Amino acid sequence: MSWRFCASRSIICLTVLLSLGTLFIPLTNPLLLAVDILLRSYLIFVGTVMAHESVHGHLGRTRAANFWWGRIALLPSMVPYTNFRKTHQLHHAHTNIPELDPDHFMKSRNFFELSLRALAMPHHWFFWLRKRRRLQRKDLIELVLNYLGIAVVYAVVLAFVGPARLFWGMVPTLVLVSILLWYPFAVRTHEGFLTGMAGMRSHNYYGRFMYWFSLGLSMHRVHHLQPKLSWIELRRFVVPVPRGLSRWLPQRDIQPQ
């Protein structure tokens, strides 16, 4: 097995274990609860990044292996893998094109609207696919089983930790994950939603910090141009933050139109 597969699968196991396992720690201190929410938000975010890797075949040599690891990676986020897999492939095929790119839904007029759309995104995928008759019977069966698996896992967690711990451990977390995933690493990396040359349709972030923080998701333009490269292989394309730009705030390499 490739060491790249092992590295990514190990990250998935660790994120799932920690994001769910820490729910079993009883917390009453507001400060510790805030730290708990922030930590779990980042762990679930990492899980979504690894699910993204699975869509592109970077978690195994077979389709089945990628599908199963993708489902596991998304388990803490409560998002079914089926919708994400099908819509993300269409996002690559029709980047930034209204009606053809499912993720064009995130183009918003203000941050409040963006936040609501980020929360609604997994449900939007389902209705977007259904409206365009892109969901087959086998997809619906897979979707039901996927939701059932998620429900079983969280029912077990609920039985042990109680409703209050599960609510405060997950609801604020899922809100933060949605915003973290869709604002800096989707809307900002497609700012302008250009439909010209492929290299103009998405943007990268400068610097190694953003690369390691997002496990390669910061290299969005390169990923769109070379989707067969895993997150580990994208490291060689990272460009240091140019002199004159802030090193404390994330900076994007936006190509001129």
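Colleague: What volume does the second largest pocket have, and how do I read such a number?

Modeller: A pocket here is an open set of points on a 1 Å grid over the protein atoms alone, with protein on both sides within 12 Å along at least five of seven lines, and its lining residues have an atom within 4 Å of a point. Its volume is the space filled by probe spheres set on the points, which are joined across faces, edges and corners. In this case the second largest pocket comes to about 220 Å³. Keep in mind that this is a predicted model, where local features need pLDDT of at least 70, side-chain atom pairs count only at pLDDT 80 or more, and totals for chains, interfaces and linings use all residues. Residues are numbered from 1 along each chain as its sequence is written, and side-chain values use heavy atoms, with hydrogens and water left out.

Colleague: Which elements give two or more residues to the lining of the second largest pocket?

Modeller: Elements are DSSP runs numbered from the N terminus: helices are H or I with at least four residues, strands are E with at least two. The lining of the second largest pocket includes Trp-68, Arg-71, Glu-142, Asn-146 and Ile-150. Two or more residues come from each of α3 (63–74) and α6 (137–161), with α6 giving the most, 6 residues.

Colleague: How many of those lining residues are nonpolar, polar and charged?

Modeller: Ala, Val, Leu, Ile, Met, Phe, Trp, Tyr, Cys and Pro count as nonpolar, Asp, Glu, Lys and Arg as charged, and the others, Gly among them, as polar. For the second largest pocket that makes 6 nonpolar, 2 polar and 2 charged.

Colleague: Let's stay with α6. What should its 25 residues span?

Modeller: The expected span of a helix is 1.5 Å times one less than its number of residues. For α6 that gives 36 Å, and its end C-alpha atoms are 36 Å apart, so the two agree.

Colleague: Which residues of α6 are buried?

Modeller: Buried means under 20% relative accessible area, exposed over 50%, and partly exposed in between, using a 1.4 Å probe and protein chains only. In α6 the buried ones include Asp-139, Glu-142, Asn-146, Ile-150 and Tyr-154. Their cover includes α1 (3–21), α3, α4, α5 and α7.

Colleague: And the largest pocket, what lines it?

Modeller: That pocket has a volume of about 570 Å³ and a lining of 30 residues, with Val-79, Pro-122, Trp-125, Leu-181 and Trp-182 nearest its centre. Two or more residues come from each of α2 (30–55), α4 (81–93), α5 (111–131) and α7. The biggest giver is α7, with 8 residues. By class, the lining splits into 20 nonpolar, 9 polar and 1 charged.

Colleague: How many cavities of 30 Å³ or more are there?

Modeller: A cavity is a set of grid points where a 1.4 Å probe fits but cannot get out. This structure has 1 of 30 Å³ or more, and the largest cavity has a volume of about 50 Å³. Among its lining residues are Val-49, His-52, Glu-53, Met-219, His-220, His-223 and Trp-231. Both α2 and α9 (220–225) give two or more residues, and the largest share, 3 residues, is from α2. The classes are 6 nonpolar, 4 polar and 1 charged.

Colleague: Now the salt bridges. How many does a search of the whole structure find?

Modeller: A salt bridge is a side-chain nitrogen of Lys or Arg within 4 Å of a carboxyl oxygen of Asp or Glu. The search turns up 12. Take Glu-113 with Arg-109, where the closest N and O atoms are 2.8 Å apart. Glu-113 is buried at 11% relative accessibility, while Arg-109 is exposed at 74%.

Colleague: Which parts does the pair Glu-191 and Arg-252 tie together?

Modeller: Their closest N and O atoms are 2.7 Å apart. Glu-191 sits in the loop between α7 (163–187) and β1 (204–205), and Arg-252 in strand β2 (residues 252–253), so the pair ties together parts that are 61 residues apart in sequence. Arg-252 is buried at 17%, whereas Glu-191 is partly exposed at 37%. Glu-191 also meets Arg-188 in a salt bridge, 3.0 Å from N to O, and Arg-188 is partly exposed at 26%.

Technical notes: Contact means heavy atoms within 4.5 Å.
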